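Let's work through a few exercises together, one step at a time. Keep the structure open beside you as you go.

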Amino acid sequence: MSVKIHVWGDYALFSRPEMKVERCSYDVMTPSAARGILEAVYWHPGLMWVIDKIYVCKPIQFTNIRRNEIKSKISANNVLQVMNGADKELYVSAKDDIVQRASLMLRDVDYVIEAHFNMTDKANVTDNPGKFQDIFKRRLQSGKCYHTPYFGTRECPVYFEPCEENTIKTAYEDIDEKDLGFMLYDFDYSNKEEPQPIFFRAILKKGVLDVRNCEVYR
């Protein structure tokens with residue numbers, strides 16, 4: 001069953017994985033980021049969200065922001081050793097590890113996400129598509145979410161509302177095609193120990209990123 005949700009915000013950062021130190025955003029929202037927004041509104045083990053289209057409703061605009069970050073993280077091995085009784089310090093000193101990094105971010109973003117969901121084998125006997133769709137619509141209309149959705153990073157919160165329009169006006173209706181290059185599609189979790197990234201060739205057609213029949217690359 002298809003659903004539409006209007007999302008917008010002041011900033012967005014959909015980080016390109018090839019940029020190792022300073023972050024640089026893709027031109028538009030990735031399908032995996034769109035899925036994360038839907039899961040923030042309503043998630044259930046009995047359903048799996050599938051992104052169909054992303055409508056770009058405002059022109060793509062970039063801005064450069066410098067942010068304070070830390071350059072290290074707590075070691076998982078140290079945590080395991082402490083759990084087994086070892087005497088080790090489990091903290092990161094922001095004073096010692098702080099570093100300023102530039103981020104090339106999107107600003108004043110506005111999208112409409114069109115998606116559907118598939119039932120999984122973890123659905124209960126009483127679960128059905130109509131039930132899940134009604135729950136999602138009620139949560140969407142009342143502004144409920146399990147956690148605040150965000151555009152790529154938690155510093156970029158998402159505002160959301162139902163989209164009732166049948167025809168969605170985009171910012172690039174006069175441009176037949178805009179090639180955005182290779183973009184992250186999602187992760188393959190068939191091997192949960194080592195999830196593998198999946199990419200696709202992103203082409204914006206009249207302001208719409210259609211990912212229903214895209215060819216993916218691993």
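A nonpolar core is a set of buried Ala, Val, Leu, Ile, Met, Phe, Trp, Tyr and Cys residues joined through side-chain atoms within 4.5 Å. Keep in mind that this is a predicted model.

**Exercise 1. Describe the largest nonpolar core and say which elements build it.**

Step 1: Begin with the count. The largest nonpolar core has 45 residues.

Step 2: Look for the contributing elements. Two or more residues come from each of strand 1 (2–12), helix 1 (31–41), strand 3 (47–56), strand 5 (98–119), helix 4 (129–142), strand 7 (178–188) and strand 8 (196–205). Strand 5 gives the most, with seven residues.

Step 3: Zoom in on one member. Leaving out residues up to four places away in sequence, L209 touches V28, M29, D52, K53, I54, M183, F200, A202, I203 and L204.

Step 4: Check for another core. There is a second, separate one of five residues, including Y55, V112, C163 and I168.

**Exercise 2. Is helix 1 mostly covered or mostly uncovered?**

Step 1: Count the buried residues. Nine of the 11 residues in helix 1 are buried, so the helix is mostly covered, given that buried means under 20% relative accessible area.

Step 2: Name them. They are P31, S32, A33, A34, R35, I37, L38, A40 and V41.

**Exercise 3. Which residues form a nonpolar patch on the surface?**

Step 1: List the members. The patch consists of I74, V79, L80, M83 and L90, with about 440 Å² of accessible area together.

Step 2: L80 lies in helix 2 (residues 76–83), and its relative accessible area of 48% makes L80 partly exposed.

**Exercise 4. Where does N124 lie?**

Step 1: Locate N124 in the loop between strand 5 and helix 4. At 46% relative accessibility, N124 is partly exposed.

Step 2: Compare chain and space. N124 and G46 are 78 residues apart along the chain, while their C-alpha atoms are separated by 7.1 Å.

Definitions and conventions. Residues are numbered from 1 along each chain as its sequence is written. This is a predicted model: local features need pLDDT of at least 70, side-chain atom pairs count only at pLDDT 80 or more; totals for chains, interfaces and linings use all residues. Side-chain values use heavy atoms; hydrogens and water are left out. Buried means under 20% relative accessible area, exposed over 50%, partly exposed in between (1.4 Å probe, protein chains only). Helices (H or I, at least four residues) and strands (E, at least two) are DSSP runs, numbered from the N terminus. Contact means heavy atoms within 4.5 Å. Patches are made of residues with over 30% relative accessible area and no salt bridge: like charges are joined within 9 Å, nonpolar side chains (Val, Leu, Ile, Met, Phe, Trp, Tyr) within 5 Å. Accessible areas come from the Shrake-Rupley method with a 1.4 Å probe; for residues, only the protein chains shown count as cover. A salt bridge is a side-chain nitrogen of Lys or Arg within 4 Å of a carboxyl oxygen of Asp or Glu.
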